[in-house]
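Work through these exercises with the sequence and the model open side by side. Try each task before reading its solution.

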Amino acid sequence: MRGSPCLRLRLALETVAEAGNTPVVVHCAAGKDRTGVLTALVLSLIGVGDDDIVADYALTGLATERFIADWRTRHAHVPMWEGFGMAPAGAMRLFLRELSERHGSVEGYCADVLDIDRSTIGRLRAVLLGSAAEGSPTAPSSGEPEPGITGLPGDPG
């Protein structure tokens, strides 16, 4: 697994979960592929709902025109794929749906494929949510999601 995409995702999640490592900046050339996947995993693990994750991902599309113009400047004589630089909301929605169908949830994918344990997910929530994550590695101690946070385990909505 050394150097594999799964290992890199696991290491990235573990790095974000360590106290003292925030704030965190995650970026790449376009911010939609590896960055989009990592960001979606983090957001889902801390309880952000799929609709909000999809909307956040689609914001990358605001930079598509500039990204394509820059690429064409640097690669004037190279044909460009028609979908280059795009971040359609449907792509992220499909990604999240497929993960859930295959692994039961994003958390299930992280446990089954990335070998992320519940304590790492608890630390991730504690680091990024602060007091909202205290008392439980999977949800706020009351058992109810914090206002404005959806998609937590046990959340009927």
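## Exercises on a predicted helical model

**Exercise 1. Locate Asp115, then decide whether it is buried or exposed.**

Step 1. Asp115 lies in the loop between α6 (106-112) and α7.
Step 2. Check the backbone. Asp115 has a positive phi of about 60°, yet it is not a glycine.
Step 3. Check accessibility. The cut-off for exposed is over 50% relative accessible area. Asp115 has 56% relative accessibility, so it counts as exposed.
Step 4. Look along the loop. Asp117 is also in the loop between α6 and α7. Asp117 is partly exposed, because its relative accessible area is 39%.
Step 5. Asp117 and Glu14 are 103 residues apart along the chain, and their C-alpha atoms are separated by 9.9 Å.

**Exercise 2. State what kind of model this is and which stretch has a pLDDT below 50.**

Step 1. The model is predicted.
Step 2. The average pLDDT of the chain is 82, and 80% of the residues score at least 70.
Step 3. Residues 135-157 have a pLDDT below 50. This stretch still has 32 contacts in the model beyond near neighbours in sequence.
Step 4. Apply the rule: where pLDDT is low, predicted coordinates should not be read in detail.

**Exercise 3. Describe the make-up of the chain: how many helices, and how many strands?**

Step 1. The chain has seven helices and zero strands.
Step 2. Read from the N terminus, the order is α-α-α-α-α-α-α.
Step 3. The chain has 157 residues, and 34% of them count as buried.
Step 4. Take the contacts between residues at least 6 apart in sequence. Of these, 61% join residues at least 24 apart.

**Exercise 4. Work out how α1 and α7 cross, and which residues meet.**

Step 1. Helix α1 covers residues 5-17, and helix α7 covers residues 118-129.
Step 2. Their axes come within 8 Å and cross at roughly 50°. That angle makes α1 oblique to α7.
Step 3. The crossing of α1 past α7 is left-handed.
Step 4. From α1, the residues are Leu13, Glu14, Val16 and Ala17. They meet Thr120, Arg123, Leu124, Val127 and Leu128 of α7.

**Exercise 5. Find which residues of α3 are buried and what they pack against.**

Step 1. Helix α3 spans residues 50-58. Ile53, Val54 and Tyr57 are buried there.
Step 2. Look down the axis of α3. Its buried residues fall within an arc of 100°, so they line one face of the helix.
Step 3. These buried residues pack against α2 (34-45) and α5 (89-103).
Step 4. Take α3 and α5. Their axes come within 8 Å and cross at roughly 140°. That makes α3 oblique to α5.
Step 5. The contact uses Asp50, Asp51, Ile53, Val54, Tyr57 and Ala58 of α3. From α5 come Ala89, Ala91, Met92, Arg93 and Leu96.
Step 6. α3 passes α5 in a right-handed crossing.

**Exercise 6. Give the angle and handedness of the α2 and α5 pair.**

Step 1. α2 and α5 pack at about 55°, and their axes are 11 Å apart.
Step 2. The two helices α2 and α5 are therefore oblique to each other.
Step 3. The α2 and α5 crossing is right-handed.
Step 4. The residues in contact are Gly36, Val37, Ala40 and Leu41 of α2, with Met92, Phe95, Leu96 and Leu99 of α5.

**Exercise 7. Sort the residues of α4 into buried and exposed.**

Step 1. In helix α4 (residues 64-74), the buried residues are Thr64, Phe67, Ile68 and Trp71.
Step 2. Seen down the axis of α4, they fall within an arc of 95°, so they line one face.
Step 3. On the other side of α4, Glu65, Arg66 and Thr73 are exposed.
Step 4. Now trace Phe67 to Ala29. They are 38 residues apart in sequence, and 8.4 Å apart from C-alpha to C-alpha.
Step 5. Ala29 sits in the loop between α1 and α2. Ala29 counts as exposed because its relative accessibility is 68%.

**Exercise 8. Name the peptide bond that is cis, and place its proline.**

Step 1. The bond from Thr22 to Pro23 is cis, with omega near 0°.
Step 2. Pro23 is in the loop between α1 and α2.

Definitions and conventions: Residues numbered from 1 in each chain as written. Predicted model: local features only at pLDDT ≥ 70, side-chain atom pairs only at ≥ 80, totals over all residues. Heavy atoms only, no water. Buried < 20%, exposed > 50% of the residue type's maximum accessible area, 1.4 Å probe, protein only. Helix = DSSP H or I, 4+ residues; strand = E, 2+ residues; numbered from the N terminus. Arc of directions from axis to C-beta. Contact = heavy atoms within 4.5 Å. pLDDT = per-residue confidence, 0-100. Axes fitted to C-alpha atoms, helices over the stretch in contact; angles between N-to-C directions. Parallel < 35°, antiparallel > 145°, perpendicular 65-115°, else oblique. Left-handed = near helix turned anticlockwise from the far one by under 90°.
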